[in-house]
Amino acid sequence: MSMTMTQKILADHAGLKEVAAGQLIEAKLDVVMANDITGPMALPIFHQMADKVFDVDKVVLVPDHFTPNKDIKSAENSKAIREFSINQCLTHHMEQGKCGVEHAILPERGIVVAGECIIGADSHTCTYGALGAFSTGVGTTDIATGMATGELWFKVPSAIKFVLKGKLQPYVSGKDVILHIIGQIGVDGALYKSMEFVGEGVQELSMDDRFTICNMAIEAGAKNGIFPVDEKTREYMKKHSTKEYKEYCADEDAIYDEVIEVDLSQIVPTVAFPHLPGNAHTIDEINKDEKIYIDQVVIGSCTNGRMSDLRKAAAILKGRKVSDRVRVMVVPATQKIFVQCIREGLAEIFVEAGCAFNTPSCGPCMGGHMGVMAKGEKCVSTTNRNFVGRMGDTEALIYLASPEVAAASAVAGYIADPRKVGE
Amino acid sequence: MEACGSVLKYGDNVDTDVIIPARYLNSFDAKELASHAMVDIDPTFVERLNQGDIMVAGKNFGCGSSREHAPLALKTAGVSCVIAKSFARIFYRNSINIGFAILECEEAVDDIDEGNQVEIDFDTGKIYNLTKNKEYQAQPFPEFLQKMIKANGLVNYVNEKKG
C-alpha cells in the first residue's frame with residue numbers, strides 16, 4: 001500500500017509495515033519537549049504515572065515563554081522545570097542565557113533530526129517538519145504521558161500535497177509563502193491533516209524558510225508540516241547534530257486529499273490582517289488603500305527569529321532610522337543567534353536605527369511581557385498569531401508579516417513594501 | 001452519562017487565546033483559570049454561566065495554542081459539553097485526555113439558538129433541543145477513544161494498561 005511521507009514515519013515508529021489515514025496507532029517517541037507554561041503543569045500528571053522519565057536523552061524542558069521570569073508565579077514555574085531537569089539528570093538541560101526559544105534551540109542544538117517522531121507541548125512544535133521529521137504539538141496530559149512512557153496514540157493523518165515550483169523574488173521569503181497558503185486554504189484548511197511540501201521549488205528555499213513554513217502549518221489547522229530531506233537539510237544536520245537520522249520520502253502513488261500547486265515566483269510580500277492568520281492581503285492591495293499607521297514592530301519568535309530573518313531585517317534598517325511614531329523590538333531566537341548578531345554588526349545596526357535589541361524570549365508574541373500592547377495600538381509582527389488579545393489589549397490590532405515587511409514598516413511608520421524602501 | 005443545560009452560543013474559530021488569554025497562564029490552578037474563561041470575547045461569560053450549561057460553536061473550536069489550560073478552564077467553570085461543527089486537533093485531544101465532553105454535530109450547531117435548553121445523551125450521541133423539541137445525532141467517537149473516555153482520561157488509561 002502506498003503511503004505519504006508522514007505515514008511512513010508513523011508506521012515505522014508504531015512497528016507496523018503500513019498504516020492508513022484514520023487508523024489509530026501507538027507510536028514510539030524520539031523527542032518529548034515542554035516549556036515553562038506547559039511543563040510545570042505536566043509534572044504532577046507525570047508523577048501519577050512514573051518516577052523517572054523514559055529516556056534522559058529524549059526529554060527536553062525549555063524555559064522560554066515568560067522568561068526572563070516576568071513575575072513570581074513565572075519564576076516558580078521556571079524553578080519547577082529547572083529542578084525537574086536537574087533531578088532527572090536530563091541530558092539537555094536548558095536555562096535562560098544558555099538556550100533560547102524552543103523551536104529554534106532544538107534544531108540548532110541538533111536535538112531533533114530527520115525521520116524522528118517528535119511531540120512538544122506547544123502548538124508550533126510542527127516547526128521541525130522542516131528537517132523531514134514527523135513533529136506535532138500536543139497538550140499537557142499528552143506530554144506527561146510521553147515523558148513517562150515514550151509512546152503516544154495518534155490518528156494517522158491524511159495529507160494535502162503542496163507542489164512548489166519556481167523561485168522566490170527578492171524581498172519575499174518563507175513567511176510570505178505560508179501566509180499566502182493559509183490565505184488560500186483558510187485557518188482550518190488542513191484540519192487534522194499533514195501538509196507535505198514537495199517539488200522543484202523546495203531546493204530554492206533556505207532551511208530558515210522551511211522552518212518558518214512548517215512553523216505555521218498549525219495556523220491552517222494541520223497536524224504537521226513536512227519537507228523532504230535534500231542537500232540543504234543534510235548540510236544543516238551535519239553542522240548542528242551528531243545524531244543518526246533517517247530519510248523518508250512519500251511513495252509516488254501516495255494518496256492525497258488534495259494537490260495544490262504553488263508558484264513561488266508569483267508570491268509577493270503578504271500580510272495577515274487581524275484577527276486570523278488566514279486573513280491574507282498582498283502588499284500591493286494594501287498600498288492601494290489608505291496607509292495603515294502602526295505603533296509597534298516585533299521582529300523575532302519561533303517563526304522568524306533566526307539568523308537569516310535578522311540579516312534581512314538589518315539589511316533594510318542599515319543606515320536608516322525607525323519612524324518616530326514606532327517602537328521596535330528585535331528578539332533573536334537563541335543565544336547563538338544573539339551573539340552572531342553582535343559579531344556581524346547587526347546588533348549595532350538595530351540599536352543605531354532605534355530598535356530595542358532584546359534577550360531571546362517568546363514574551364511579546366503571546367502578550368506575555370517585553371512588548372505588550374495597549375488598547376487601539378497597531379503592530380506589524382513577524383510572529384504567528386493575530387487573534388483577539390494575543391499580544392495585549394483585546395482592541396490592539398496585529399498584522400503578521402515577514403522580517404522584510406516588518407523592517408520596512410518600522411522605517412516608514414506604516415505598513416510598507418520592502419521592495420520600495422529607499423525610493 | 002448525560003448533560004442538560006442552557007446554551008451559550010459562539011461563532012467559528014474560537015481560539016484558545018480568547019478561551020484563556022496567555023496573560024493568565026503563569027498559573028495552572030484550575031479555579032483561577034476558570035475565573036478568566038472566555039474573558040476576551042465574552043466578559044460576562046463566567047457571570048452568566050450556570051453549572052452544567054452547554055457551549056455551542058461553529059467550526060475549528062479551540063484553534064491556536066496547545067494550552068490544556070483552555071479545556072480545563074471551561075470544564076472547571078462548569079461547562080458540561082461543547083458542541084461544535086469541528087474542533088482544532090490539539091483541543092480535541094486535550095479535552096478527551098482530561099475527560100471534558102465535546103461533540104461534533106453541524107446540524108445541532110446550525111439549529112440551536114442562544115438560551116435554548118439542551119439535553120445530551122453521551123452513550124448514544126443524541127442531542128435533544130428541549131426548547132424547539134428537536135433531536136440531532138452527533139458524530140460517534142472511534143472505539144479507542146470511547147475506551148479512553150470510559151477510563152476517565154489518558155492517565156487512567158495508561159495506568160490501567162500498565163496493570
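Begin by selecting A:Asp142 and B:Arg93, whose side chains meet in a salt bridge at 2.7 Å, N to O; the term denotes a side-chain nitrogen of Lys or Arg within 4 Å of a carboxyl oxygen of Asp or Glu. The model is predicted, so local features need pLDDT of at least 70 and side-chain atom pairs count only at pLDDT 80 or more, while totals for chains, interfaces and linings use all residues. Residues are numbered from 1 along each chain as its sequence is written, chains are lettered from A and ligands numbered from 1 in the order in which they are written, and side-chain values use heavy atoms, with hydrogens and water left out.

**The interface of chains A and B**

Between chain B and chain A the count is five salt bridges. Next, display both sides of the interface: 44 residues of chain B are in contact (heavy atoms within 4.5 Å) with 50 residues of chain A. The area buried between the two chains is about 3,700 Å², of which carbon and sulfur atoms give 58%; buried area is the accessible area (1.4 Å probe) that two parts lose on being put together, summed over both. Select B:Asn26, B:Arg89 and B:Arg93, which supply 21% of the area that chain B buries against chain A, more than any other three residues.

The elements giving two or more residues to the side of chain B that touches chain A are α1 (16-19), α4 (69-77), α5, α7 (143-150) and α8 (154-162) of chain B. Of these, α8(B) gives the most, with seven residues. Helices here are DSSP runs of H or I with at least four residues, numbered from the N terminus.

**Helix α5 of chain B**

Now select residues 89-97 of chain B. Among the buried residues are B:Arg89, B:Phe91, B:Tyr92 and B:Arg93. B:Gly99 follows α5(B) and has a positive phi, near 70°.

**A:Cys99**

Finally, move to A:Cys99, in the loop between α3 (72-87) and α4 (102-108) of chain A. A:Cys99 is buried, with a relative accessible area of 3%. Not counting residues up to four places away in sequence, A:Cys99 touches A:Val62, A:Pro63, A:Met94, A:Ile105, A:Arg109, A:Thr334 and A:Gln335.

Conventions
Buried means under 20% relative accessible area, exposed over 50%, partly exposed in between (1.4 Å probe, protein chains only).
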